[in-house]
Amino acid sequence: MFNYRSTLLSVILGAVECVTFGQEAPSAKLKDFRLNFLQRTELSEDVQQVKLKDYRPVSIYKTPQSKIQKAKYPAVDLHTHDNPKTDADVDRWVQLMDEVGIDKSVILSYSTGTAFDAMVHKYARYPNRFEVWCGFDYTGMDQPDWSQRAVAELVRCYQSGARGVGELGDKGLGELYSKPTPGRGMHINDPRMKPLLMKCGELGMPISIHVAEDAWMYLPSDSTNDGLMNAAKWRVDMTKEGILNHDQLITTLEEAVRDNPRTSFIACHLANCNADLSQLARLLDAYPNLYADISARFAEFAPIPRFAKAFMEKYSNRLVYGTDMGFSRDMYLTTFRILESADEHFYEHNRFGYHWPLYGLSLSPRTLKKIYQTNARKILRR
């Protein structure tokens, strides 16, 4: 392929030689100048080929690095899923939990019916280490008696061991996370949901609910979005018919929490308000039955350690630990490092999809204990 840039540079350098030296042979000084100029140009051309998706910076700061190997307090992980494939995987998970200081993991199954029952059986060998929460059954939700049938299945799941509901999930088109039937078009504040939400309050079943996505996922995937490439991967397509935007989804959550004061709600991922924690702060101030988990958003709040720390210290009675990132030693240790250490400017490229550096929050022991265990045990009531 014809390289216009290189050809143009050669012409320019040739002209410089002619003007400066006439037709005489170029001096060694000019040769050095020409060589250095071309080398810098080639390096610049190489840099232009670097893509953001391949950007993997390595911090060169010589700052203290913590080696936290275990949670400061025995932790309750209130946001996990059915990640193990076999009984042996479950055994390995329990062993890992022992090693890193996870006292209990709550499995958010999404499920009802036989799928829920099978999951309860899967973890029954470790009754003190796992809880399996159920979903809502939206089968036949367009029928007049759906709410009554859904409540009956909720009660059956409770009798089979479910002590909570989750993860419900609405990214704008309805409660699509539940299995076997998603609640397309059904939002948490839908009047048809009221009997289910009330029954959860009567049974003492907290509801873990994911609404919206974080703000980066609603912005254009262009050079101004500082959340690339993760923002592009999880981008919300707002052109879909009937889809609710971020703030509208926060409103659906608020109305459900407001109208069901006897029911505890856990807003997953800090209610996906990491870019504006004041939105979540307003809800926490207004509704004592609302909590929030910090799962799978460590990379979103770690870049703003002072602000995030102040928020977590202030609302330490309402936040709970969660992971939502499978189960592996390095995953757990990364979460501990972000919460407990004062480490600065470090990266976790294999864990998170952002290009920005992370910082430890250095939360106080009092706040750590509440987030790791006290608040979860209050929610679980045991």
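Visitor: What should I keep in mind about the model before we start?
Guide: It is predicted, so local features need pLDDT of at least 70 and side-chain atom pairs count only at pLDDT 80 or more, while totals for chains, interfaces and linings use all residues. Residues are numbered from 1 along each chain as its sequence is written, and side-chain values use heavy atoms, with hydrogens and water left out.

Visitor: How many helices and strands does the chain have?
Guide: There are 13 helices and ten strands; these are DSSP runs numbered from the N terminus, with helices being H or I of at least four residues and strands E of at least two. Of the 382 residues, 49% are buried, meaning under 20% relative accessible area with a 1.4 Å probe, protein chains only.

Visitor: How do I read two packed helices?
Guide: Two packed helices are described by the angle between their axes and the distance between the axes. Here, α9 (residues 277–286) and α11 (residues 305–314) pack at about 5°, with axes 11 Å apart. That makes α9 roughly parallel to α11, a label for angles under 35 degrees. The axes are lines fitted to C-alpha atoms over the stretch in contact, and angles run from 0 to 180 degrees between N-to-C directions.

Visitor: Which residues make the contact between α9 and α11?
Guide: Leu277, Leu280, Ala281 and Leu284 come from α9, and Phe307, Ala308 and Phe311 from α11; contact means heavy atoms within 4.5 Å. Seven are nonpolar, with no polar and no charged residues. Ala, Val, Leu, Ile, Met, Phe, Trp, Tyr, Cys and Pro count as nonpolar, Asp, Glu, Lys and Arg as charged, and the others, Gly among them, as polar.

Visitor: And how is a pair of aromatic rings described?
Guide: By the distance of the centres and the angle of the planes. Rings of Phe, Tyr and Trp (its six-membered ring) pair if their centres lie within 6.5 Å; planes under 30 degrees apart are stacked, over 60 edge-to-face, and the rest tilted. The structure holds 15 such pairs. In one of them, Tyr110 and Tyr177 have ring centres 5.7 Å apart and planes at 90°, so the pair is edge-to-face. Tyr110 lies in the loop between β2 and α4 and Tyr177 in the loop between β5 and β6, so the pair ties together parts 67 residues apart in sequence.

Visitor: Are Tyr110 and Tyr177 buried or exposed?
Guide: Both Tyr110 and Tyr177 are buried. Tyr123 and Phe130 form a tilted pair, 4.9 Å centre to centre with 55° between the planes.

Terms used
Angles under 35 degrees count as roughly parallel, over 145 as roughly antiparallel, 65 to 115 as roughly perpendicular and the rest as oblique. Buried means under 20% relative accessible area, exposed over 50%, partly exposed in between (1.4 Å probe, protein chains only).
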